[in-house]
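Biologist: I have not looked at this structure before. Can we go through it piece by piece?

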Amino acid sequence: MKLDRLPYEPGELAGFYEEGLGALGALCERTWHDRLEVVAQGEPAKLWNAEGGLHDVELSFSAPDVTTARDPAREVFPGCPLTFHLAEALLPKPLPLERVALASDAGAHPPDSEVGEKLWRAQFTGTDRWRLKSAFKADFHFSLLGLIRCEIQAIDQHWSLRRITVSLSDGAPDASLAETIAFAQVDAEPESAPAWPPLAPPRWNGLLTRALQADLAEEIAAIRTRQENYLRRELDRIDDYFENYERELNVRAARSSSETAKARLAERLAAARAEHARRRADQVARHEIRVRPHLDALLLVAEPAWRATMEVEAAHQSQARDALFVPRCRRWFKQSAETNLTP
């Protein structure tokens, strides 16, 4: 889920700088509504010099419609690198894993057997027979939420902030939870504490990476189309130039009767072909698309669910399945030895 950008407001951004730099240990004073005097040393001073030496600067927060040249060390403007550096400096290191248990009125009572069967058959259409083997038991469904700042380096640089949520039961992205998590109610004191799954950084990294790739697919496709058009135009220009140049050298060599001149022309032709290949490779490298994600927050979410064991027959094969029913999304999640991460 791509989050909307906040509008650029110089006054609000000046407040962010004043609080952020102050939290890092700098001395700040608002000298005017759009100016901030900063005296920094140590960690906050590293925003301007790697050594962290004493730094005194008056920051000005430009209006968004200013078109004159700007000094990024003294002026703050839309897309200013100093803003990104300050945001990164404020992030805790190492990044903590937060945990939250959600409350759900819809999950106060288990679903009827008929409702559970209907939803199962709608989700798994190949089911021939379905029967509950155990009563529903209260449990928790776990999801992993990552707040990812994504930098796409192309001809134009693109920045976006995305909220990515994946289910730990099956590893599938959960767009519904990503959209509604900001409005969810937290259960500060659940009746039974969630049995939090053990940490699994390699697996979680793979889940978030695949979910981010899927979330970026549409935007990357549009950028790739534009990049390919630019690249094709540049390659055509380079090919036309060197083809004409090589044609001219071949004509000169055919007309020349001197072996020395022919040898020189052959050397120039070989050099031209090597330069042609180098120019093409250089353009291909220039038009590459690089995606650099930055994980800014990581949240493990537990939400009420109902666990049950049922006997399911599909393709003339009957088997007992352990599954979780999540009332929020009215969806079943199959449990297996590979996907069930609860202790």
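**Helix α6 and its start**

Modeller: Ser258 caps the N-terminal end of α6, with a side-chain oxygen 3.4 Å from the backbone nitrogen of Thr260. That is a polar contact, a pair of N or O atoms within 3.5 Å; within protein, one must be able to donate a hydrogen and the other to accept it, and residues adjacent in sequence count only if both atoms are side-chain atoms. This is a predicted model, in which local features need pLDDT of at least 70 and side-chain atom pairs count only at pLDDT 80 or more, while totals for chains, interfaces and linings use all residues. Residues are numbered from 1 along each chain as its sequence is written, and side-chain values use heavy atoms, with hydrogens and water left out.

Biologist: What does the side chain of Ser256 do with Ser258?

Modeller: A polar atom of the Ser256 side chain lies 3.3 Å from the backbone nitrogen of Ser258. Ser256 sits in the loop between α5 and α6. Helices (H or I, at least four residues) and strands (E, at least two) are DSSP runs, numbered from the N terminus.

Biologist: Is Ser256 buried or exposed?

Modeller: Ser256 is buried, with a relative accessible area of 18%. Buried means under 20% relative accessible area, exposed over 50%, and partly exposed in between (1.4 Å probe, protein chains only). Not counting residues up to four places away in sequence, Ser256 touches Ala261 and Lys262, where contact means heavy atoms within 4.5 Å.

Biologist: How many residues does α6 have?

Modeller: Helix α6 (residues 259-286) has 28 residues. From first C-alpha to last, α6 reaches 40 Å, close to the 40 Å expected at 1.5 Å a residue; the expected span is 1.5 Å times one less than the number of residues.

Biologist: Which residues of α6 are buried?

Modeller: Leu265, Leu269, Ala272, His276 and Gln283. What covers them includes α5 (201-255). An α-helix has 3.6 residues a turn, so residues three or four places apart point the same way.

Biologist: Changing topic to the sheet. What is the strand order?

Modeller: The order is β1-β2-β3-β4, in an open sheet of 4 strands with mixed pairing. Two strands pair if DSSP finds at least two bridges between them. β1 (27-32) and β4 stand at the edges, each with a single partner strand, so one side of each is left without a neighbour in the sheet.

Biologist: Which strands run parallel?

Modeller: β3 and β4 (residues 75-76) do, joined by 2 bridges, and Ser60 has Glu75 in β4 as its bridge partner. β2 (residues 35-40) and β3 (residues 55-61) are antiparallel over 6 bridges, with Ala40 partnered by His55 in β3. β1 and β2 are also antiparallel, over 5 bridges.

Biologist: And the largest nonpolar core, which residues touch the most other members?

Modeller: Of its 21 residues, those are Tyr17, Leu21, Val38, Trp48, Leu59, Phe61 and Leu82. The elements giving two or more residues to this core are α1 (10-24), β2, β3 and α2 (81-90). The largest share, 5 residues, comes from α1. A nonpolar core is a set of buried Ala, Val, Leu, Ile, Met, Phe, Trp, Tyr and Cys residues joined through side-chain atoms within 4.5 Å.

Biologist: How many disulfides are there?

Modeller: The count is 0, with a disulfide taken as a pair of cysteine sulfur atoms within 2.5 Å. For Cys80, the nearest cysteine sulfur is that of Cys28, 15 Å away. Cys80 counts as buried, at 1% relative accessibility.
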